[in-house]
Each structure stands twice: as structure tokens, then as C-alpha cells.
Amino acid sequence: MSKAVDNTIKDFEAAIAELESVVRKLEEGGDLPLEESLKLYERGVTLSKFCHAKLEAAERKIELLNERGDLRPAPAGLAGDEPDR
Amino acid sequence: MSDLFDLPFEDDPGGVEEPEPKGPLPTRRVFTVTELTVRVRDLLEERFFEVWVEGELSGVRLWNTGHLYFTLKDSSSLLKGLMFRSALRYLKFKPADGMRVVARGKISVYEPKGEYQIVCEHLEPQGLGALQLAFEQLKKRLQAEGLFDVAKKRPLPALPRKIGVVTSLDGAAIRDILKVLRRRYKNVHVVIRPTKVQGDGAAAEIAHGIRQIVTVPHVDVVIVGRGGGSMEDLWAFNEEPVARAISISPIPVISAVGHESDVTIADLVADLRAPTPSAAAELVVARKDDFSHRINRLHERLVSCAYARVQRLSRRVHELSGRRALAGYTTRVAMTQRRVDELTRRLEACELGRRLAKNRTALVAMDAKLHRLVAARAQRSGARLSAMAGRLDTLSPLAVLARGYAVCWNEDRTRAIRDAAVLSRGDTVHVTLSRGSIAAKVSDIE
């Protein structure tokens with residue numbers, strides 16, 4: 001996936017809003033020139049990819065913040081590496 | 001003994017002079033005022049070492065020394081009272097005029113004024129419990145300040161990059177929250193700020209924890225709370241510092257204190273109140289579910305739009321191939337065919353990969369349909385098409401283009417230029433290459 005493309009997308013919420021407008025344009029604009037609709041389609045796919053990437057992006061991580069403002073990983077027991085009871 | 005009362009027992013109100021213990025009556029046991037007052041004081045303090053007295057507060061004044069002065073009264077009597085700062089510290093509510101209270105303390109005498117009074121150790125409101133009253137008081141005050149305004153409530157972030165949690169590490173709350181997050185989404189990033197959640201200093205710790213965690217980069221939402229308990233256990237969440245910390249937080253705060261039936265001040269100030277800590281975690285990830293669903297739907301619509309377009313394009317290929325008699329159209333058939341292929345290629349390039357099985361399936365299905373469509377088209381067109389294709393192979397410049405030749409068209413793309421003589425300097429021509437085409441200006445004719 002090209003990183004450069006992502007610069008055109010402000011954030012997740014903006015991406016969803018734009019994706020919605022792209023899909024609407026494509027659905028309503030049956031007479032759009034091919035090139036234009038192809039561009040829209042590709043933009044849509046880029047946005048959709050971006051959103052999915054964002055949804056999946058975070059890695060599982062549990063950290064503790066102490067009173068001095070330092071972050072450190074949570075002990076394994078808390079992080080849930082124990083089996084569910 | 002009645003003679004004793006001839007002495008000026010009542011001080012001039014506002015009078016500050018020291019009583020002067022002297023009198024020329026040697027035969028009788030004469031006390032100085034101070035001596036007597038001390039005796040009275042000792043008597044009262046011994047006799048009323050610990051009393052409970054109920055009444056209505058009036059004349060409540062907090063002195064700058066931090067001590068509280070007041071009068072307790074009922075319909076026919078009054079009793080002066082004071083509460084030292086050291087005792088006042090433990091009072092959860094704020095005593096005010098008109099409030100009915102029960103005071104516990106000892107009776108003592110304020111010697112400079114010869115007044116007896118109750119030195120109050122503890123004060124509790126009658127009717128409402130002290131905590132309940134404190135709750136109502138703070139609620140009223142913060143409400144007046146607008147801290148509970150619905151307009152101030154912020155929506156939760158679509159997709160919190162990090163989820164902040166302010167609670168105790170020992171409680172059930174943190175385990176419940178992590179359990180829900182673990183079950184629902186593997187890939188969450190949680191930052192926990194451990195604090196006391198009950199007892200002395202808990203409110204200050206929680207407030208500090210909130211102020212701190214909201215500054216951690218990418219923490220987009222904070223859950224503040226604890227598991228169930230008595231009203232006293234949950235008390236920290238009814239204290240002003242916690243309410244203030246929540247209200248000034250730059251990011252949305254979800255409160256999750258105790259059980260559904262427990263409503264705290266923190267709940268009222270928070271942007272969203274979750275009935276339990278588990279529910280708070282559910283609320284955070286439910287948004288994620290919503291979005292996941294929405295994106296999938298949008299993607300499906302996107303794909304079906306593109307698919308419809310390809311179908312229309314494909315129909316056009318048929319139409320054009322049926323009108324091959326028209327001069328110049330063979331090339332356009334071929335070119336349209338190329339555009340279909342190009343579209344197919346681009347659709348394939350846009351395939352989402354392994355990320356989401358659902359979308360991949362949709363795309364693969366679409367791709368298969370596309371191929372079937374192209375195959376069907378070939379079949380339907382049958383021999384005529386293959387005959388044409390054979391001729392295209394020999395006539396079409398496209399096969400030649402692939403080897404590096406180019407086709408030069410006139411400005412309108414209606415004729416291929418075979419003779420330089422038909423052009424003049426400055427004419428625009430179009431040159432079709434194997435991939436794409438360019439527009440060019442004739443700079444010279446040789």
C-alpha cells in the first residue's frame with residue numbers, strides 16, 4: 001500500500017465521510033465519463049483501504065502510567081495473558 | 001449562693017475588658033469572675049463531656065482561622081456552637097443557615113464572654129445523610145455552573161487510538177474492562193493510570209490521574225470508574241476535584257462507577273455515563289463495530305458501482321463490434337476492449353488483499369463475473385468476432401505498437417496520418433503509443 005496516498009486523507013472520520021460521498025457520486029452519476037468514475041472508484045478503494053487499515057492498525061498493548069507520567073508495559077497477569085475465567 | 005449571681009455574669013456585648021476580680025468582702029468566699037467561670041466550665045465539661053443535640057443552624061460563619069461558628073436553636077432556646085478546623089475537615093457537607101442538624105460535642109465555656117457553647121466534634125444533617133446532603137449540595141452548585149449541560153457532552157471518538165483508564169489495579173473494574181476489550185477486539189491499546197478509588201486522598205489521586213492521562217499522546221477517550229460498593233466507597237467520585245478534572249478534560253470521558261443504580265457527580269459531569277465498567281468498554285468498542293460495518297457496506301456499494309460500469313462498458317463493446325462496417329471503428333473496438341481490460345486490471349490492483357475475507361470474496365467474485373462476462377461476450381459474438389479479431393491482428397496498429405511503433409492521428413483522431421504532406425507546421429497531431437497517447441505539435445515537415 002502506498003504511504004503517499006494516505007497524506008490526502010485527513011483522518012478516519014474524514015475518510016468515511018469522503019467514502020460515503022464517493023459512493024453516492026458513483027451511484028448517482030451513471031453518466032460520468034469513464035475516466036472520472038474510474039478515478040472515483042480508485043479513490044473509494046483507497047479510502048476503504050485506509051479505513052480498514054485504521055480499524056486494524058492498533059496493536060494490542062496495555063501500559064501503565066505512573067504519577068510521574070512515565071509509561072511502562074502492564075504486568076502480564078493484568079494484560080490478560082492469563083486464561084479467561 | 002444566690003449572691004454569686006449578683007456578680008456581673010453577663011458581659012457587655014462587645015465588651016472586651018478583662019473582668020477585674022476585686023471586692024472588699026473578706027468574710028464571704030468571693031470568686032473572681034475568672035475563678036468562677038473556670039469552675040463553671042469544669043463542671044459543664046465534666047457533666048456534658050459528650051452530648052448529642054439537635055437543632056437548626058443559624059448564624060453560620062467560617063472564620064479565616066478555619067473554625068466554624070454557629071448557633072443552634074429550636075423554637076424557644078439557642079445554643080452557641082463552634083467547630084474547630086481540625087474537626088471541620090472531616091465534614092463532607094457544608095453547614096448552612098436553616099439546616100437541621102445533630103451535633104455531637106462537649107459543652108464548654110468561652111471565658112472572655114462567659115458564654116457556654118458546644119464545641120462540636122461532629123455534625124450531621126438530619127433527614128438526609130451527610131453524604132447525601134453533600135451530594136445534593138455539590139450537584140446543585142455544579143449544575144448552576146453548567147457542568148452537566150448536555151450541550152457540553154462530546155461524542156466518543158470514532159476510533160480511539162488509545163483508550164485511557166483511570167481506576168484501581170486491584171479492583172474488579174479494570175479486569176472487567178480488559179476482559180471485554182480482549183474479547184471484542186484483540187488490537188486495542190490501553191493506557192491505565194492506577195489510582196486509589198476510595199478512602200482518604202482518593203479523589204485527589206483520581207483527579208490528578210485524569211488530568212495526567214488526557215495528556216498522553218493519542219489517548220482519545222478516558223474511562224474513569226470503579227466497581228460497586230457502598231455510598232462511602234464510591235464517595236471519591238462525588239467529590240469536586242474529580243468533577244472538575246472531568247469537566248476540563250480535552251477529550252471525552254466515560255464514567256463507570258459502581259452499578260447501574262449508583263449515580264455519582266462524576267457520572268453527571270462525564271460526557272457519557274456507562275452503567276458499569278464492562279459497559280464502558282462495550283461502548284468504546286461498539287463504535288468500532290459500527291464503523292467496521294459501515295465501511296464494509298460502503299465498500300460493497302463501491303464494488304457494485306464499478307461492476308455495473310464494467311457491464312455497461314462491455315455492452316458497448318458488443319455494440320461497436322456489431323457495427324464494424326463503419327470505417328475507423330475497428331480501432332475503437334479494440335481500444336474500448338483495452339479500456340475494459342485496463343479497468344479489470346485496475347479493479348484487480350485495487351483488491352484489498354488478505355485484510356478482510358469478506359471484501360476479498362466480493363472482489364474475487366466480481367472478478368470472476370467479469371471474466372465470465374468477457375468469455376460470454378466472445379462466445380456470443382462467435383465466429384464473426386473471431387474473424388474480426390483475426391483481421392484486427394493484421395490491421396490493427398495495436399499489435400505493432402507493442403513493438404515500439406506509434407500511430408500518428410490527425411487532430412480529430414478521425415484519420416491516421418500516412419503522408420507528412422497533409423500536415424502543416426503548427427498542426428496538432430495525436431500519437432498513440434503502446435501505452436497511452438500523446439498530443440504533439442508539428443514543428444517541422446521534412
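Two strands pair if DSSP finds at least two bridges between them. Helices (H or I, at least four residues) and strands (E, at least two) are DSSP runs, numbered from the N terminus. This is a predicted model, in which local features need pLDDT of at least 70 and side-chain atom pairs count only at pLDDT 80 or more, while totals for chains, interfaces and linings use all residues. Residues are numbered from 1 along each chain as its sequence is written, and chains are lettered from A and ligands numbered from 1 in the order in which they are written.

**Exercise 1.** State which residue of strand 7 of chain B is the bridge partner of Leu64(A), and describe the strand pairing.

Solution. 
- Step 1: Leu64(A) has Ile192(B) as its bridge partner in strand 7 of chain B.
- Step 2: Strand 1 of chain A, residues 61-65, pairs with strand 7 of chain B over four bridges, in the parallel sense.

**Exercise 2.** Describe the side of chain B that touches chain A.

Solution. 
- Step 1: Chain A gives 36 residues to the contact and chain B gives 39; two residues are in contact if their C-beta atoms, placed from the backbone, lie within 7 Å.
- Step 2: Elements of chain B that each supply at least two residues to this side include strand 7 (189-194), helix 5 (202-213) and helix 9 (329-349).
- Step 3: Helix 8 of chain B provides the largest share, 13 residues.

**Exercise 3.** List the buried residues of helix 3 of chain B and say what covers them.

Solution. 
- Step 1: Helix 3 of chain B (residues 130-145) has 16 residues and reaches 23 Å from its first C-alpha to its last, close to the 22 Å expected; the expected span is 1.5 Å times one less than the number of residues.
- Step 2: A residue is buried if 20 or more other C-beta atoms, placed from the backbone, lie within 10 Å of its own.
- Step 3: In helix 3 of chain B, Leu133(B), Ala134(B), Phe135(B) and Leu138(B) are buried.
- Step 4: Their cover includes strand 5 (115-125), helix 6 (240-247) and helix 7 (265-269) of chain B.

**Exercise 4.** Find what Val222(B) touches, not counting residues up to four places away in sequence.

Solution. 
- Step 1: Val222(B) is among the residues that touch the most other members of the largest nonpolar core, which has 54 residues. Such a core is a set of buried Ala, Val, Leu, Ile, Met, Phe, Trp, Tyr and Cys residues joined through C-beta atoms within 7 Å.
- Step 2: With those sequence neighbours left out, Val222(B) touches Gly164(B), Val166(B), Ile210(B), Ile213(B), Val214(B), Ser249(B), Ile251(B) and Val253(B).

How values were computed. Ala, Val, Leu, Ile, Met, Phe, Trp, Tyr, Cys and Pro count as nonpolar, Asp, Glu, Lys and Arg as charged, and the others, Gly among them, as polar. A residue is buried if 20 or more other C-beta atoms lie within 10 Å of its own, exposed if 12 or fewer, and partly exposed in between; C-beta atoms are placed from the backbone.
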